[in-house]
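Open the model in your viewer and keep the selection tool at hand. We will go from the whole chain down to single residues.

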Amino acid sequence: ATPTALLVGTGRGAQLGILIKGPEVLESTRRVDTVVLDKTGTVTTGQMSLISVHTAEGENEQEVLRLAGALEHASEHPIAKAIAKAAGDVPAVEEFQNLEGLGVQGVVGEHAVLVGRERLLAEWSVRLDSGLAEAKKAAEDQGRTAVIVAWDGKARGVLVVADTVKPTSVEAIQGLRALGLRPVLLTGDNEAAARTVAREVGIDEVIAEVLPADKVDVVKRLQDEGRVVAMVGDGVNDAAALAQADLGLAMGTGTDVAIEASDLTLVRGDLRAAVDAIRLSRRTLATIK
Ligand code: ADP
Ligand code: MG
């Protein structure tokens, strides 16, 4: 490909709200056949809100929210923001720890508190009572995310949060399919919530409950199967996978780490720009041929 034609493509990209790291990037998009999409913040807005609070027998709703809010106040996760906002004024937390892709822990007053996935609780040998387990399942079946709140060795409540699909995602997925690309939804969230979002936007293939460190392995596995993979993401937890992908696309609304790891940035955080980027590169290269 002649550098001039590629540079013209680069300029057109800027007009479409696509920042391209270098002209050579357009060449690698040509053979892409699979597009792996992060769920939270990429396909969805990532702006979550608290839907409901469920408590274990004898626990107080306000107290569950207050202690969870205290911890989440210290976290940047979209789930954390929703919980912290709903909790309002909260007490201070000590020994705070962010457990990537699992949750958070810390000490509030005299309580050792844990907020996050059930898997995290299992490591502490904490179990849900049947009421909480039911509330969690019902929420997940509706495509929501259920977060468990535990302290001093006992599960005290379940907080249900929900995200919304970006209005532009459905059209973007249709656009990817029209280009003959296979979309795959990749997330650390639970299977049921992931499936619900996938159904909403028209994706059949879902890889859920993937820990942040394992997202890169999913991309490698697809590549080992002979696929040429584009990955679209926004989070710190997507950075390694974005770098590993044959083409990494970052949401401009996402984290700096994700943007740095990518070949392309979709400035407005609109997934339709991913379709434009791939179409543009094909067209640019066709002009050269
Ligand atoms: P995604 O891949 O969708 O961006 P993450 O890998 O960031 O999701 O998180 C995966 C799961 O871990 C969440 O769905 C949630 O259950 C749990 N989790 C992560 N961080 C937190 C937090 N700060 N508070 C509560 N739960 C959390
Ligand atoms: Mg994300």
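**Before you click.** This is a predicted model: local features need pLDDT of at least 70, side-chain atom pairs count only at pLDDT 80 or more, and totals for chains, interfaces and linings use all residues. Residues are numbered from 1 along each chain as its sequence is written, while chains are lettered from A and ligands numbered from 1 in the order in which they are written.

**Stop 1: the whole protein.** Show the cartoon. You have 13 helices and 13 strands. Both are DSSP runs numbered from the N terminus: helices are H or I with at least four residues, strands are E with at least two. The radius of gyration is 21 Å, close to the 19 Å of the globule rule for 289 residues, so the protein is as compact as a globular protein of that length. That radius is taken over C-alpha atoms, and the rule is 2.2 Å times the number of residues to the power 0.38. Along the principal axes, the C-alpha trace spans about 70 × 35 × 30 Å.

**Stop 2: two domains.** Select 3-45 + 164-288 for domain 1, then 49-162 for domain 2. These bounds come from an automatic or database domain assignment. How far apart are the C-alpha centres of the two domains? They lie 31 Å apart. Twelve residues of domain 1 are in contact with eight of domain 2; contact means C-beta atoms, placed from the backbone, within 7 Å. Now pick helix 9 (191-201). Helix 9 gives the most to the domain 1 side of this meeting, with four residues.

**Stop 3: ligand 1.** Select ligand 1 and its surroundings. The shell holds 23 residues; the closest are Thr-40, His-77, Ala-80, Gly-101 and Gly-188. A residue belongs here if its C-beta atom, placed from the backbone, lies within 6 Å. Elements giving two or more residues include helix 3 (39-43), helix 5 (78-87) and strand 7 (145-151). Each domain supplies at least three residues of the shell.

**Stop 4: helix 8.** Select residues 169-178. Which residues of helix 8 are buried? Ser-169, Ala-172, Ile-173 and Leu-176 are. Buried means 20 or more other C-beta atoms, placed from the backbone, within 10 Å of the residue's own. The four cover an arc of only 100° around the axis, which puts them on the same side of helix 8. The arc is that of the directions from the helix axis to the C-beta atoms.

How values were computed. A residue is buried if 20 or more other C-beta atoms lie within 10 Å of its own, exposed if 12 or fewer, and partly exposed in between; C-beta atoms are placed from the backbone. Two residues are in contact if their C-beta atoms, placed from the backbone, lie within 7 Å.
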